[in-house]
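Good morning, and thank you for making time for this presentation.

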Amino acid sequence: MDHTNHVRLTSTELTPDLLEDATIYDIGAKPVAVPASQLEFMRDEDGDVHAVTNWTKDQLKSMPEHHDA
């Protein structure tokens, strides 16, 4: 996905309500727990919030699967 036209969000814009339904790209189908500081949050042309990470697929695969407590 090309993120060049997406608006990067500032830390003051990152509220729990905004982040709850944010889509995380480049993590695949396995749910893992990642620190928010390792994600870059942005808003696309439709106004939807999503995040990307620079972690590789292999790095993410090696992480334990996260289950809601």
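I shall begin with the model as a whole and then turn to its strands, its core and some individual residues.

This is a predicted model, in which local features need pLDDT of at least 70 and side-chain atom pairs count only at pLDDT 80 or more, while totals for chains, interfaces and linings use all residues. Residues are numbered from 1 along each chain as its sequence is written, and side-chain values use heavy atoms, with hydrogens and water left out.

Let me start with confidence. The predictor expresses its confidence in each residue as pLDDT, from 0 to 100. The chain has a mean pLDDT of 82, and 93% of its residues reach 70 or more. Strand S3, residues 40-43, has the highest confidence, at a mean of 90, whereas strand S2, residues 23-25, has the lowest, at 72.

Next, the overall layout. The chain holds two helices and four strands, and from the N terminus on these elements run β-α-β-β-β-α. Helices (H or I, at least four residues) and strands (E, at least two) are DSSP runs, numbered from the N terminus. The C-alpha trace spans about 30 × 30 × 20 Å along its principal axes. Of the 69 residues in the chain, 25% are buried. Here buried means under 20% relative accessible area, exposed means over 50%, and partly exposed lies in between, with a 1.4 Å probe and protein chains only. Among contacts in the chain with a separation of 6 or more, 67% are between residues 24 or more positions apart; a contact means heavy atoms within 4.5 Å.

I now come to the hairpin. Strands S3 and S4 pair in the antiparallel sense over four bridges, where pairing requires that DSSP finds at least two bridges between two strands. Five residues separate S3 and S4 in this hairpin, and Gly47 in the turn has a positive phi of about 90°. Arg43 stands opposite Val49 in S4.

Which residues of S4 cover its two faces? Val49 and Ala51 lie on one side, His50 and Val52 on the other, and all are buried. As a general point, side chains in a regular strand alternate between the two faces of the sheet.

The largest nonpolar core has six residues in all: Leu9, Ala22, Leu39, Phe41, Val49 and Ala51. The term denotes a set of buried Ala, Val, Leu, Ile, Met, Phe, Trp, Tyr and Cys residues joined through side-chain atoms within 4.5 Å. If neighbours within four places in sequence are left aside, Leu9 is in contact with Leu14, Leu18, Phe41, Met42, Arg43 and Val49.

His50 is buried, with a relative accessible area of 2%, and its side chain is joined to that of His6 by a polar contact of 3.2 Å. A polar contact is a pair of N or O atoms within 3.5 Å; within protein, one must be able to donate a hydrogen and the other to accept it, and residues adjacent in sequence count only if both atoms are side-chain atoms.

Thr53 is placed in the loop between S4 and helix H2, residues 57-61, and is buried at 6% relative accessible area. A polar atom of the Thr53 side chain lies 3.5 Å from the backbone oxygen of Gln38 and a polar atom of that side chain lies 3.2 Å from the backbone nitrogen of Trp55.

How many salt bridges does a search of the whole structure find? The search finds one, and it joins the side chains of Arg8 and Glu40 at 2.7 Å, N to O. Arg8 lies in strand S1, residues 7-8, and Glu40 in strand S3, so the pair ties together parts that are 32 residues apart in sequence. The criterion is a side-chain nitrogen of Lys or Arg within 4 Å of a carboxyl oxygen of Asp or Glu. Arg8 is partly exposed at 38% relative accessibility, and Glu40 is partly exposed at 35%.

I close with the end of the chain. Lys57 lies in helix H2 and is exposed, with a relative accessible area of 61%. Glu65 lies in the segment after H2 and is partly exposed at 44%. Glu65 and Lys30 are 35 residues apart in sequence, yet 6.5 Å apart in space, C-alpha to C-alpha.
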